[in-house]
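Student: Can we go through this one together? I'd like to start with the charged pairs and then move on to the packing.

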Amino acid sequence: MRQGLRRGAGTLAAALVLGLLTAPTARADGQLADAAAALATPGVWVDDDYQGLDENMVALLRARYERADTPFRMALLTERNEDAAGLASQLASLVGRPGVYAVLTEWDDPLSDSRDSSRGWAVSGVPATVDDIRDESVARAGINNGNPLLTLVDSLDGDLSAQLPTGSGDGRFLVDPAVTEVFPELTEDLLAETFAGVPELRVALVSGVGGPSDAAATAMASELPADGAMLLMQWETSDFSVVMGSGRELASNSTLESLVGGIGIPTVAPDAVPHRLAQLAAALGPDLVGLAREGLADSPLYVHPAAGDGTTGPARQAAFAAALGEAGARAAVLPQGAVAAQLGEDSPDAADELVRSVAEGGDDPLAVFLVDTEYQRVDEVRATGDEQFAAAADRARYSGDPFVETALTHLLDHLGADVPRTPEADGADGADAPAAPAAPGGSAAAGPAGAASLPVGVWVGLAVATLGLLAPVVAAAGTPRGRPHLAARALAIAANRRRADRMSAQELGREVHASAAQRGRNGQDLARLEKLLRQLPDTGGHPAARPVGQLLGEYERLREAHAGALTRSEASLVGRSLTRALRRGTALAAPREKRSRPS
């Protein structure tokens, strides 16, 4: 589907990027003169009211242009002028120096909720042409192909393309210096540390690579071994796109991409990059089952580094391990996506086989908590032992933040075991961790009076609030006009959430149990919708490209709603929305004899 959207959006996207539509030239002398005065050296000038590019994008443009061999100058204006190419020529004349000049201008449109805009380019005194810029813009049209404002530098200079990793060894990591300047935590040292145990992985984290759309990924995947993989991340508009290739002995490209970039169109926010890379390292690294088994041979608790909650550090884990040992129980916390990538998702009994494999060599009952690292929660639990232990492990899954702390606390609580006190200071390993609820009659954790006697249903209610309250409310507040289904659903979810908040612990527990079947059907429908999205045909430049994008957005919203739906009314609402989305997807996938030409 990604290839189809890339090709289908080509013509329109190129026109938008280049500002090829012409109109009578209006004057923008004030801002243009200010820009020319500031651009004696290559860089970017931004009017204070410009909104079309976010701060990270502007910072990346500046960092990239300052390092380019070809001089680049860009002005971001807020005066109405549809002839941005003419403005770019004026800017080149005013500055009077060789280079590539770009003008992006935007202005308020009373008939639209968003600003109107125009983009244009000019070239003066360098071995490049506007046709070169046009070709690069066409190559970038589509999804996850990079941003032409950034890739154009490499298309003319070839500096990043020449450094793309194409083998093993010391040169298998590339981080664009412009990326590190804007995001100091993203370095080659980070890649080397994260992927120290993955010798056959090549990674490029760049502002943008020019040339034909698939050229960079093709070069990085050249002669990739059967156990090898490549990862190309380049800036789009506000996130990094994710493109992967893998050898036949590894999981599919889409599975690995989802670990870094999520489901749907794989992208990742810059602050989430280290965490997402850790998930990929876990999937491509040593056998997770073997690591858990070895860890449990030495301690009743094993928490994989990629499955941590960022709060429950080694000292706190040691306290929980001691408590589990006294209770005659064991627990392992593993990253769900990485486990699925290693073991495969085809077998319906994979999770049960996982817990049996991890439990080998030990007699005490074992709970394996599988963590959804994207949504930061325990998503699935599998256990060995008697029914009482299995039930306790399953109830512990409905935990809050931090999820490792609360899941282990609830497990011990349901087993009637003592919960370790939260230390007054745990250094960097959790000094600021919230107080853990104590088991009735056991050690009281620091916290509000009466917290130790709270029943499990109340903690379920807290989980409901943390998982489902914020997303629907935000969705309702940000719903665009003209989208009545989304607005109605957001309001209905908020109303359902308020009703859930008023339920007693017993009522809420019954709701969670009663909604299980519907939530199971919703999960199956989500999988069907994802499969349908991947099979959508080439849009061929047809206006259907916009409905496809809308359906992708709806899919992401439904995943969030499904994740937070625990009551029958919430699950039913998600189910109805999924039915509508599946109908839309089926209609888009159906072959069409006649297609109107794009206007």
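Tutor: What follows covers salt bridges, nonpolar cores, a sheet and some aromatic rings, all in a predicted model.

Student: OK, how many salt bridges in the whole structure?

Tutor: A search of the whole structure gives 13 salt bridges. One of them is between the side chains of arginine 80 and glutamate 82, at 3.8 Å from N to O.

Student: How exposed are arginine 80 and glutamate 82?

Tutor: Arginine 80 is exposed, with a relative accessible area of 52%. Glutamate 82 has 33%, so it counts as partly exposed.

Student: Which parts of the chain does the pair of glutamate 360 and arginine 293 link?

Tutor: Glutamate 360 and arginine 293 form a salt bridge, with their closest N and O atoms 4.0 Å apart. The pair links distant parts of the chain, 67 residues apart: glutamate 360 is in the loop between helix 16 and strand 12, and arginine 293 is in helix 13. Glutamate 360 is partly exposed at 48% relative accessible area, and arginine 293 is partly exposed at 30%.

Student: Switching to the nonpolar side. Which residues have the most contacts inside the largest core?

Tutor: Phe195 and Phe240 have the most contacts inside that core, which has 75 residues. Helix 12 (residues 273-284) contributes the largest share, seven residues.

Student: And what does phenylalanine 195 touch?

Tutor: Leaving aside residues up to four places away in sequence, phenylalanine 195 touches Arg172, Phe173, Leu201, Val203, Leu277, Leu280 and Ala281. There is also a second, separate core of 27 residues, and Ala321, Val378, Val381 and Ala392 are among them.

Student: You mentioned Phe240. Which aromatic cluster is Phe240 part of?

Tutor: Phe183, Trp235 and Phe240 form one aromatic cluster. The rings of phenylalanine 183 and phenylalanine 240 are edge-to-face, because their planes are at 65 degrees, with centres 6.0 Å apart. For tryptophan 235 and phenylalanine 240 the centres are 4.9 Å apart and the planes at 85 degrees, so that pair is edge-to-face too.

Student: Is phenylalanine 183 buried or exposed?

Tutor: Phenylalanine 183 counts as buried, at 6% relative accessibility. Phenylalanine 240 is buried at 0%, and tryptophan 235 is buried as well.

Student: How many bridges join strand 10 to strand 11?

Tutor: Three bridges join them, and the two strands run parallel. Leucine 301 has alanine 331, in strand 11, as its bridge partner.

Technical notes. Residues are numbered from 1 along each chain as its sequence is written. This is a predicted model: local features need pLDDT of at least 70, side-chain atom pairs count only at pLDDT 80 or more; totals for chains, interfaces and linings use all residues. Side-chain values use heavy atoms; hydrogens and water are left out. Buried means under 20% relative accessible area, exposed over 50%, partly exposed in between (1.4 Å probe, protein chains only). Helices (H or I, at least four residues) and strands (E, at least two) are DSSP runs, numbered from the N terminus. A nonpolar core is a set of buried Ala, Val, Leu, Ile, Met, Phe, Trp, Tyr and Cys residues joined through side-chain atoms within 4.5 Å. Contact means heavy atoms within 4.5 Å. Two strands pair if DSSP finds at least two bridges between them. Rings of Phe, Tyr and Trp (its six-membered ring) pair if their centres lie within 6.5 Å; planes under 30 degrees apart count as stacked, over 60 as edge-to-face and the rest as tilted.
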